[in-house]
Amino acid sequence: MKSARYKLLLLLPAVAVFVLFLVFPILIVLNESFHTFEPGRIGSVEGGPLTLANYAELFQPVYGQYFAQTYVLAICSSAVSIVFAFPIAYCIARAEFAWMQKASISAIVGLMFLSSLVRVYALELTFGSTGVLAPLMSIMDINTNSRLYINFVILAGLLQYCIPMSILILIGAIKNLNPRLTEAALSLGAPALAAHLTVTIPLSIRGIVSAFLVSMTLGVSAFVIPLILGRGRILFISNLIYSRFSEIANYPSGAAISIVMMVLALLLILVMSRLATSLERA
Amino acid sequence: MNVLELKDVTKKYGSFTAVENVSLELEPGKVLSLLGPSGCGKTTTLRIIAGFAVPDGGTVQIAGEDVGQLKPYERNVGLLFQDYALFPHMTVAQNVAYGMRYRGAPAAAIPSRIKQMLSLVQLGGMEARYPNQLSGGQQQRVALARALATDPKVVLLDEPLSALDAKLRLELRIELKEILRSVGATTIVVTHDQEEALSLGDEVVIMHAGGIVQRGAPTQIYQSPANKFVAEFVGRSNWFQVIRSGQSVAGFTSYITSDGVEIRAKSPPSGYNGGSDLCVRPEHIELIDSAAPEALRGAEHNSMTGVVLDVASLGPDVHVVVELPGKARVLAIRKNAGRIQGLAPGQCVRAVFSAADVLVF
């Protein structure tokens, strides 16, 4: 009993750091989100009355657009990255030789070390309105200044992160799967695609959900990608929060948006893990 | 007509030759065991028949059709995996039904077929269970029902009983044989377990280093092994190394072994000079009282005195280790008749065996 209590003491430093640097600041943000703001000030009115106005304001359609913009693109990039990542992860996980596996994993990890700024500007230089491919786009009658086009470029930027991350997560999930299961399906007459759809994919659903959630987190919290590739025409919630805090110093509003994002993220995790559980026994 | 025909099948992995020039044919309804140590190429042969490995040379025919280029799902081969590979997210009924859909069974016929297959493997009423709710033996039966449900042309069993404990293994072996016979399945059993191979197979093929060493009925494999490898691999044996051969009398030759023991055995065929090993099966060695008169002495018998080193009573059999002159040790197996005649270590005995029972390689 005594030693169990001492073991709990070992948790103390981590808990202290967690409380001091995460829980406490978030509580400050939560508190700030209920305060009133007067234009021209930095932060909320001290001693001012508590209000729900900062949250009520978010129900205006213009905010809905920001949320929709962010979540639609994040969901698209997560879904697309799973579709792209799964076959690659499968091939790596089932590679015939160990060195192939190691080489591929190192390549993917290496890819993730590349600075985000470099990648984003590389995309901009290639696909931007003055980019290398701009003439080609104009030949194909694609308007590089249209919202749709910019959405695609941002999506490409998000996929650069989500695909490698999803591959790494899915490799683990697929390696845990008995390869005989897929072979059993094939020997029972299921063509390769059907065998994967009925056996491999349902049995790696946990991994798929994790990859999806991590991609969503990357997508929803993306800041540099929409900031540069969005060219001011498309902004994510992160950009909005940034401008609330830094540009107009409306701390309460920025705080309220942050809290809503956090709640949405938790809801997403809840829904996805419920979904995974029900899919597993489908 | 043969259901399955392999001709000169060869498979290489880099510089390693897994299977070399293997030819096999199998008549309908027959069970053939592929027996060999790990790495002998038996599993590769199975994977080639199933379509998971593409041979580098040779042809594979199933029911007269060349299947060399067909994908696993394009050949109707039933496969029972060593670890069963039941789909954990599907019920027993869904597992059994899985193959039927793809093999074109009419949807209306599936429920009755599931029922039929499950009663065949004595698992009626288990339809709604998930694999993790079943015992190892039950899982194996489900896997068998799933493999047989599509009415495959050839059934492949990969180490079918190795995952089960000894007692269950015996029960299921008998049951497996009955089921295979009742559906008339043309079957290949791949195993490294000789008991499994000899008991399940109508015929046994011994594989070694990627090739077939011997093919024959189980008794033939045991009684007249084609070479030293087969004799050593199948069953237990006592080995003597010959240093020179002596006189030949009436078809029997005396051999002097490296232990200095003289053993009489069949004369090698004329012109044969490789015979350098003698093999005696333990059950062919009879142990009698060393004081008994040498009634069995003659050109066709071997008789030598020795000292009992160890007696191990293993239920139906008693294993006796006897040290012969020159420190040669032999194992003799005698039936436990219920009254042990007081053999004990240190006792002097006479080991007697017929010269006709000695195998010469």
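Is B:Phe240 buried or exposed? B:Phe240 is buried, with a relative accessible area of 2%, where buried means under 20% relative accessible area, exposed means over 50% and partly exposed lies in between (1.4 Å probe, protein chains only). The legends below describe a predicted model, in which local features need pLDDT of at least 70 and side-chain atom pairs count only at pLDDT 80 or more, while totals for chains, interfaces and linings use all residues. Residues are numbered from 1 along each chain as its sequence is written, chains are lettered from A and ligands numbered from 1 in the order in which they are written, and side-chain values use heavy atoms, with hydrogens and water left out.

View 1. Helices (H or I, at least four residues) and strands (E, at least two residues) are DSSP runs, numbered from the N terminus. Apart from neighbours within four places in sequence, B:Phe240 is in contact (heavy atoms within 4.5 Å) with residues that include B:Thr257, B:Ile263, B:Leu278, B:Val280, B:Leu324 and B:Val330. The C-alpha atoms of B:Phe240 and B:Gly260, which are 20 residues apart along the chain, are separated by 10.0 Å.

**View 2. An open sheet of five strands in chain B.** The strands follow the order E13-E12-E11-E14-E20, and their pairing is antiparallel; two strands pair if DSSP finds at least two bridges between them. Strand E13 (262-266) and strand E20 (359-360) of chain B stand at the edges with a single partner strand each, so one side of each is left without a neighbour in the sheet. Within this sheet, strand E11 (residues 238-249) and strand E14 (residues 277-280) of chain B run antiparallel and are joined by four bridges, and the bridge partner of B:Gln241 in E14(B) is B:Asp277. Strands of a sheet pair through backbone hydrogen bonds, either parallel or antiparallel.

**View 3. Strand E1 of chain B with its partners E2 and E4.** Strand E1 (residues 4-13) pairs with strand E4 (residues 57-62) of chain B in the antiparallel sense over five bridges, and B:Leu4 has B:Ile62 as its bridge partner in E4(B). Seven bridges join E1(B) to strand E2 (residues 16-26) of chain B, again in an antiparallel arrangement, and here B:Lys11 stands opposite B:Val19. The hairpin of E1(B) and E2(B) has two residues between the strands, and in it B:Gly14 takes a positive phi near 65 degrees.

**View 4. B:His319 in strand E17 (residues 317-323) of chain B.** With a relative accessible area of 11%, B:His319 is buried. Leaving aside its neighbours within four places in sequence, B:His319 is in contact with several residues, among them B:Arg236, B:Asp310, B:Leu314, B:Leu331 and B:Ile333.

View 5. B:Gln122 counts as exposed, at 56% relative accessibility. B:Ala209 counts as exposed, at 58% relative accessibility.

**View 6. The interface between chain A and chain B.** In this view, 23 residues of chain A are in contact with 23 residues of chain B. The two chains bury about 2,000 Å² between them, 63% of it on carbon and sulfur atoms, buried area being the accessible area (1.4 Å probe) that two parts lose on being put together, summed over both. The count between the chains is one salt bridge, a term for a side-chain nitrogen of Lys or Arg within 4 Å of a carboxyl oxygen of Asp or Glu. The side chains of A:Glu183 and B:Arg47 meet in this salt bridge at 2.7 Å, N to O. On the side of chain A that touches chain B, helix H9 (179-187) and helix H10 (192-203) of chain A each supply at least two residues.
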